[in-house]
Amino acid sequence: MNNKSVENIKNIKNNLLKIRDKEFQFQFRKELKAMYILVKNAKNIVLISHQRPDGDTSGSAMALAHVLEKFGKTVTLFDTDPLPSEFHFTEKALEYTAVFEPLKYDLAICLDGGTYKMFGLHEEYPELFNQKTEKPKIIKKIPLINIDHHVSNEMYGDVNFVIGTVASTTIMVSKILRALQWEISAEMATCLQMGLYTDTGSLLHSNATAETFAESSFLLKKGSDLKAISKNIFQTKSLEKLKLWGRILSRISQNKEGVASSFVTHFDFQQTRANLDDLTGVVDYLNAVPESLYSILLTERKDGKVKGSMRTLRDDIDLTKISKTFDGGGHKKASGFAIKGKLKTDCEWRIENEEGYPENFRSVSIV
Ligand SMILES: [Mn+2]
């Protein structure tokens, strides 16, 4: 191979991200300008992650926290729930707070929330998300930037950065940082890579496109610590988690249509001492059943609801169609819903006699 063809290959590799970056800058030129001005004028910024935080919502918030602090801003990392322990290896993980002080902030940035209801703040502060309210509780309206990758995003921000086809919110943040020419440090790259990895199941899910790999490669070049990510998030599982997964996996069943399902009750959590965060990832295992159409895990929650999490590996299935009928949401291949109620056993066993008739077929006439 001569030098020229080596050069050509290098150019093709670099071009994918460059072309995408140009498209991004064009599509979001107004938003980028608005964000630049809002950040420039703000002193106190709150970064809001969604309830039951995952690697994507926290990774994108923490990456932004690093750069905003470098600019001399006071930054608050907010979440109603604590960050699960597998993310504690990141530098800012322990800075999260569940105290929201609206009067303090002059800019809010929401990360990875398809709906504003995911942040757990809308009942007390609906006006923050541009929702109508009778009595405004916040004296001044805090400008809100919404950064997300859910197709179903409700565009609740004053400035909205949303692309439904991008694999993670951290990729959106990465694009914004490059467009604004804000330096990405190694710590920031680790946070961004963390979201990319957790939202694509270590680049194994079909939402990982050539662009996702290019982004991941870019973040590796920026010094992201992939070893720490795989060790802490993917190769560490607590005893409680393994016991809970054991119960769920032992109950897998597949119906005639090819839907693999399992369930977990409130009692299981008590018995194994596991918590809700320990469920992360198990629904993908249910999909491992050969010929699986899609998988569903039903979880009984403390708040009197049953949550359904669904996954599919097939391109011809759109799970948002199912989740929408239950007022849920999500992506085509990973979707969910919540319904008020409890899990009850519905026994499908029956005894058949030698001719294949159910025994109770005859017993009906006896009674
Ligand atoms: Mn996400």
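1. Strands pair here if DSSP finds at least two bridges between them; strands (E, at least two residues) and helices (H or I, at least four) are DSSP runs, numbered from the N terminus.

2. A word on the source. This is a predicted model, where local features need pLDDT of at least 70 and side-chain atom pairs count only at pLDDT 80 or more, while totals for chains, interfaces and linings use all residues. Residues are numbered from 1 along each chain as its sequence is written.

3. Within the sheet, β4 (residues 107–111) and β5 (residues 144–148) run parallel and are joined by four bridges. Cys-110 has Asn-146 of β5 as its bridge partner.

4. Now the helices over the sheet. Angles run from 0 to 180 degrees between N-to-C directions, with axes as lines fitted to C-alpha atoms, for helices over the stretch in contact. Contact means that C-beta atoms, placed from the backbone, lie within 7 Å.

5. Finally, α5 (residues 186–199) packs with α6 (residues 210–221) at about 155 degrees, the axes 9 Å apart. The two are therefore roughly antiparallel (angles over 145 degrees). On the α5 side, the contact residues are Ala-189, Leu-192, Gln-193 and Leu-196; α6 brings Thr-212, Glu-215, Ser-216 and Leu-219.

Note on methods:
Parallel < 35°, antiparallel > 145°, perpendicular 65-115°, else oblique. Contact = placed C-beta atoms within 7 Å.
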